[in-house]
Amino acid sequence: MFDITPTEWTAILLSIRVATVATLVATPLGIALAFLLARRDFWGKSLVDALVHLPLVLPPVVTGYLLLLAFGRRGPIGAFLADHLGIVFAFRWTGAALSCGVMSFPLLVRPIRLSIEAVDRKLEQAAETLGAAPWRVFFNVTLPLALPGVLAGMVLGFAKAIGEFGATITFVSNIPGETQTISSAIYSLIQTPDGDAAALRLVVVSAIIAIAALIGAEMFARRATQRLHGN
Amino acid sequence: MLRVDVTKKLGEFSIEATFESEGRVTGLFGASGAGKTSLVNMIAGLLRPDRGTIAIDGELLDDTEKGIHVPTWRRRIGYVFQDARLFPHLDVRQNLDYGRRMNALADDPDQRKRVTDLLDIGQLLDRRPGKLSGGERQRVALGRALLAKPRLLLLDEPLGALDEGRRAEILPYLVRLRDEARIPMVYVSHDAAEMRQLATQIVLLQRGRVSSFGGVKVLSPS
């Protein structure tokens, strides 16, 4: 039962790659946005907040279709990126990473925002009185103190990204070796006769990845919290 | 020399304070709610006056008419808060070194030794703030502010969060600081006894207004 075939391995490794890239690219953006939402008041803030959360409430197929319209070869953004920077998203694994990143973004941002809101601003003031410019206050005080939340956000985002299905399959389809992630592979296997055993194997693998991510996050968060509150 | 002439409205409450101080330790004295902390926050740049000027040694830090507001991090004014505010993720050594790093000052082992000796914190260097007592924390906060080599040191009720015994533990350090470190200080307190021991000049603050100004005798019951 546990002979994982090369095709299945391909899907597993692709999923991990897609989710890792999505998380790593989304994290700095998520931190920047979480900081703005937590600490700044600006015109259109609630609109930005709503936009971030949109992928959570829209049907995934809608998000996928919108991505296709915008980032497809003929989409305004997609055409520009392809012509000027040579970056193509449509029907490529990079597109899968983009859709996973977009779909997981609200889950990534939320814990980071909460943890930044929880950082004691008095400590930031203390850093300022010691001569720290605002960007150094952020990197020396705010970010390290918000680290447990950042890690939690990254893990939630990663878990969401690795399981993303609807938007990804709509945007970049289900091409083995290019855009076929674990989820879309399971979907295909369920559609084929005699695919049950293979599907089940992938189900087990995705469960293992998810649980490992959760345990890892818990460990990181505990260590980070300890670091913050004395040895 | 510190020159302050500001007004600031904070909800129902307003501050209108004018004073000039040459003393080594300017005591800012008044009941709680008199506006002492807001005034000190304005000197530190954490709070912006609605109108007026703040200057140290002739350099304008705030001038609302000229649109001057030097940000806190460029003022080189040290601040010791009532609640120490040590960085919990850094050990004592890193806390002490923070101001030197931020101001890109050259490493000065002599000064570091003088300050750690003065405050008796040499044995705490490897600890985290979470493992310190209240009095130790306040001493480290004092050291941290001093090692940033400020041109003025603000102390906002540095003994306020401590019990009687701890106060008695810290007070001698403050006296030593006044006599040995050549940094002018603004000392905020509502405790007349503390003021008598430390201050060389008193600014008496009542409901946001300076009600008297002068030597320590201002404090005598009348």
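Predicted model: local features only at pLDDT ≥ 70, side-chain atom pairs only at ≥ 80, totals over all residues.

Biologist: How much of chain A is buried, and what makes a residue count as buried?

Modeller: Of the 231 residues in chain A, 42% are buried.

Biologist: What is chain A built from?

Modeller: Chain A has 11 helices and 0 strands. Its C-alpha atoms fill a box of roughly 70 × 45 × 30 Å along the principal axes. Of the contacts in chain A between residues at least 6 apart in sequence, 77% join residues at least 24 apart.

Biologist: Why are α10(A) and α11(A) called roughly antiparallel?

Modeller: Helix α10 (residues 182-191) and helix α11 (residues 196-228) of chain A pack at an angle of about 155°. Angles over 145 degrees count as roughly antiparallel, so this pair gets that name. Their axes are 9 Å apart, and α10(A) passes α11(A) in a left-handed crossing.

Biologist: Which residues make that contact?

Modeller: From α10(A) come A:Ile182, A:Ala185, A:Ile186, A:Leu189 and A:Ile190. On the α11(A) side are A:Ala198, A:Ala199, A:Leu202, A:Val203, A:Val205 and A:Ser206. By class, that gives 10 nonpolar, 1 polar and no charged.

Biologist: In chain B, what makes α4(B) and α5(B) roughly parallel?

Modeller: Helix α4 (residues 134-147) and helix α5 (residues 164-180) of chain B pack at an angle of about 20°. The cut-off for roughly parallel is under 35 degrees, so the pair qualifies. The axes of these two helices are 9 Å apart, and their crossing is right-handed.

Biologist: And which residues meet there?

Modeller: B:Gly134, B:Gly135, B:Gln138 and B:Arg139 of α4(B) meet B:Arg166, B:Glu169, B:Ile170 and B:Tyr173 of α5(B). This contact divides into 2 nonpolar, 3 polar and 3 charged residues.

Biologist: How do you know that B:Ile202 is buried?

Modeller: Counting around B:Ile202 gives 26 other C-beta atoms within 10 Å. Buried needs 20 or more, so B:Ile202 is buried. This residue lies in strand β10 (residues 201-206) of chain B.

Biologist: What is B:Ile202 in contact with, beyond its neighbours within four places in sequence?

Modeller: Its partners include B:Gly27, B:Phe29, B:Met195, B:Val216 and B:Leu219. B:Arg167, by comparison, is 35 residues from B:Ile202 in sequence and 21 Å away in space, C-alpha to C-alpha.

Biologist: What makes a set of residues a nonpolar core, and how many residues has the largest one?

Modeller: Its members must be buried nonpolar residues joined through C-beta atoms within 7 Å. The largest nonpolar core has 112 residues. Those with the most contacts inside it are B:Leu28, B:Ile43, B:Leu154, B:Val186 and B:Tyr187. Helix α5 (residues 93-118) of chain A gives the most to this core, with 12 residues.

Biologist: What does B:Leu28 touch, apart from its neighbours within four places in sequence?

Modeller: B:Leu28 is in contact with residues including B:Leu39, B:Val40, B:Val186, B:Tyr187 and B:Leu205.

Biologist: Finally, how many residues does each chain bring to the contact between chain B and chain A?

Modeller: Chain B brings 23 residues and chain A brings 19. In chain B, the elements that give two or more residues to this side are β7 (77-80) and α2 (92-102). The side of chain B that touches chain A has 12 nonpolar, 6 polar and 5 charged residues.

Technical notes. Residues numbered from 1 in each chain as written. Chains lettered and ligands numbered in written order. Axes fitted to C-alpha atoms, helices over the stretch in contact; angles between N-to-C directions. Helix = DSSP H or I, 4+ residues; strand = E, 2+ residues; numbered from the N terminus. Parallel < 35°, antiparallel > 145°, perpendicular 65-115°, else oblique. Left-handed = near helix turned anticlockwise from the far one by under 90°. Contact = placed C-beta atoms within 7 Å. Nonpolar A, V, L, I, M, F, W, Y, C, P; charged D, E, K, R; others polar. Buried ≥ 20, exposed ≤ 12 C-beta atoms within 10 Å, placed from the backbone.
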